[in-house]
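Please view the sequence and the model first; the notes below then proceed by topic.

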Amino acid sequence: CEFWSGSGEFGGYYDVTANIENNLFARSSLDAFGNTYTNNYLSFSNNLFWNGAFSIRPRLSSNYWSFFNNSFDHITNTFGQIAQNMVNDYNAYIGDTNVTQRLNPLGSHDLILSNFIYQAGPLGNFYQPTNSSLINAGSVTADVPGLYHYTTTTNQMKEGNSLVDIGYHYVAVDS
């Protein structure tokens, strides 16, 4: 999915599970689980947060929240108060100002980039260059999150069983 210039909140009552995978949040504001109860689970993977705001508010959940293989590009107010029981790694932080505001605890495989140039392709404007440091830099092989037939590059090379690329993926449109 692509979310453009909107705002959203992921929250809920008892036993809520939210898996937020392979989305583009462009100029969007997102608040993760503002008012929650115990036994909630939240997972973000392979998303691109671009020129927007992202906030995590405290929670009571005893379950872990996970953030893996996401790209945070020029995000403001990135991470308010950090939630307890959080696991994260293999995320990319892009920009001049937000790289000091990272998910906590810090991921040992996180990438910090000062600049990143996207390319326009057949399905959108957020393809990565073929020499991107985000390619094959993720935590699992691409088939595990269901991204086998997806790509991040304009040459339409499918992910297949390679290490997953960090960030947003498009469906590969060429065999």
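Four strands form an open sheet in the order β3-β6-β9-β11, with parallel pairing. Because β3 (17-21) and β11 (86-89) each have a single partner strand, they stand at the edges, and one side of each is left without a neighbour in the sheet. This is a predicted model, in which local features need pLDDT of at least 70 and side-chain atom pairs count only at pLDDT 80 or more, while totals for chains, interfaces and linings use all residues. Residues are numbered from 1 along each chain as its sequence is written, and side-chain values use heavy atoms, leaving out hydrogens and water.

**Terms for strands**
- Strands are DSSP runs (E, at least two residues), numbered from the N terminus.
- Two strands pair if DSSP finds at least two bridges between them.

- β3 runs parallel to strand β6 (residues 41-45), and 5 bridges join them.
- N19 stands opposite S43 in β6.

**Sheet of 6 strands**
- A further open sheet has 6 strands in the order β1-β4-β7-β10-β12-β13, with parallel pairing.
- Its edge strands, β1 (2-4) and β13 (111-113), each pair on one side only.
- Strand β12 (residues 92-94) pairs with β13 in the parallel sense over 3 bridges.
- I94 has L113 in β13 as its bridge partner.

**Position of L123**
- L123 lies in the loop between β14 (119-121) and β15 (124-127).
- L123 counts as partly exposed because its relative accessibility is 42%, where buried means under 20% relative accessible area, exposed over 50%, and partly exposed in between (1.4 Å probe, protein chains only).
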